[in-house]
Amino acid sequence: QVQLVESGGGLVQAGGSLRLSCAASGRTFSSYAMGWFRQAAGKERERVAAISPSGISTYYADSVKGRFTISRDNAKNTVYLQMNSLKSEDTAVYYCTARASSSVTYDYWGQGTQVTVSS
């Protein structure tokens, strides 16, 4: 079992930056792939970024490439999402997720943190 708690959301002006953090419980954090999803009002949930257990491999949605950076600190059981050059279309609830190596789906989800970008 993994429990995930996000923090760092808030209100920011367009062009600004925010860093989301996700603290994970459990002793096996370093064995999980981690991801960030977001869901805007009235829209489908979208995978924004993902990172492999070691941190070597990353994935970004085209909509955030070059602006967002995912990273992890396995010693601190924490994954981060650095968001720069924010746009109004980045406004959404952001969720931290974890996927075990034996799974093909993200099985663990945080409660979400709201990011609002004002134009």
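Is tyrosine 32 buried or exposed, and what is its relative accessible area?

Analyst: Tyrosine 32 is buried, with a relative accessible area of 9%, where buried means under 20%, exposed means over 50% and partly exposed lies in between, for a 1.4 Å probe and protein chains only. The model is predicted, so local features need pLDDT of at least 70 and side-chain atom pairs count only at pLDDT 80 or more, while totals for chains, interfaces and linings use all residues. Residues are numbered from 1 along each chain as its sequence is written, and side-chain values use heavy atoms, with hydrogens and water left out.

The structure holds four aromatic pairs, a pair being two rings of Phe, Tyr or Trp (its six-membered ring) with centres within 6.5 Å, called stacked if the planes are under 30 degrees apart, edge-to-face if over 60 and tilted for the rest. The rings of tyrosine 32 and tyrosine 108 form an edge-to-face pair, because their planes stand at 75 degrees, with the centres 6.0 Å apart. This pair links distant parts of the chain, since tyrosine 32 sits in the loop between strand E3 (18-24) and strand E4 (33-39), whereas tyrosine 108 belongs to strand E10 (residues 108-109), 76 residues apart. Strands (E, at least two residues), like helices (H or I, at least four), are DSSP runs numbered from the N terminus.

Strands E4 and E10 are also linked by a second pair, made of phenylalanine 37 in E4 and tryptophan 109 in E10, 72 residues apart. Here the ring centres are 5.0 Å apart and the planes at 55 degrees, so the pair of phenylalanine 37 and tryptophan 109 is tilted. Phenylalanine 37 counts as buried at 12% relative accessibility, while tryptophan 109 is partly exposed at 33%. Both belong to one aromatic cluster, which is formed by Phe37, Tyr95, Tyr106 and Trp109. Tyrosine 106, from this cluster, has arginine 99 over its face, at 5.8 Å from the ring centre; a charge sits over a ring if NZ of Lys or CZ of Arg is within 6 Å of the ring centre and within 35 degrees of the ring normal. In another such arrangement, the charged end of arginine 72 sits over the ring of phenylalanine 29, 4.5 Å from its centre.

The loop that holds tyrosine 32 also holds threonine 28, which is partly exposed, with a relative accessible area of 43%. The C-alpha atoms of threonine 28 and glutamine 13 are separated by 37 Å, although these residues are 15 apart along the chain.

Strand E3, on one side of this loop, also takes part in the one disulfide of the structure, a disulfide being a pair of cysteine sulfur atoms within 2.5 Å. Cysteine 22 and cysteine 96 form this bond, with their sulfur atoms 2.1 Å apart. Because cysteine 22 lies in strand E3 and cysteine 96 in strand E9 (residues 92-99), the pair ties together parts that are 74 residues apart in sequence. The torsion about the S-S bond is about -80 degrees, so the disulfide is left-handed. Cysteine 22 is buried, with a relative accessible area of 0%, and cysteine 96 likewise counts as buried at 0%.
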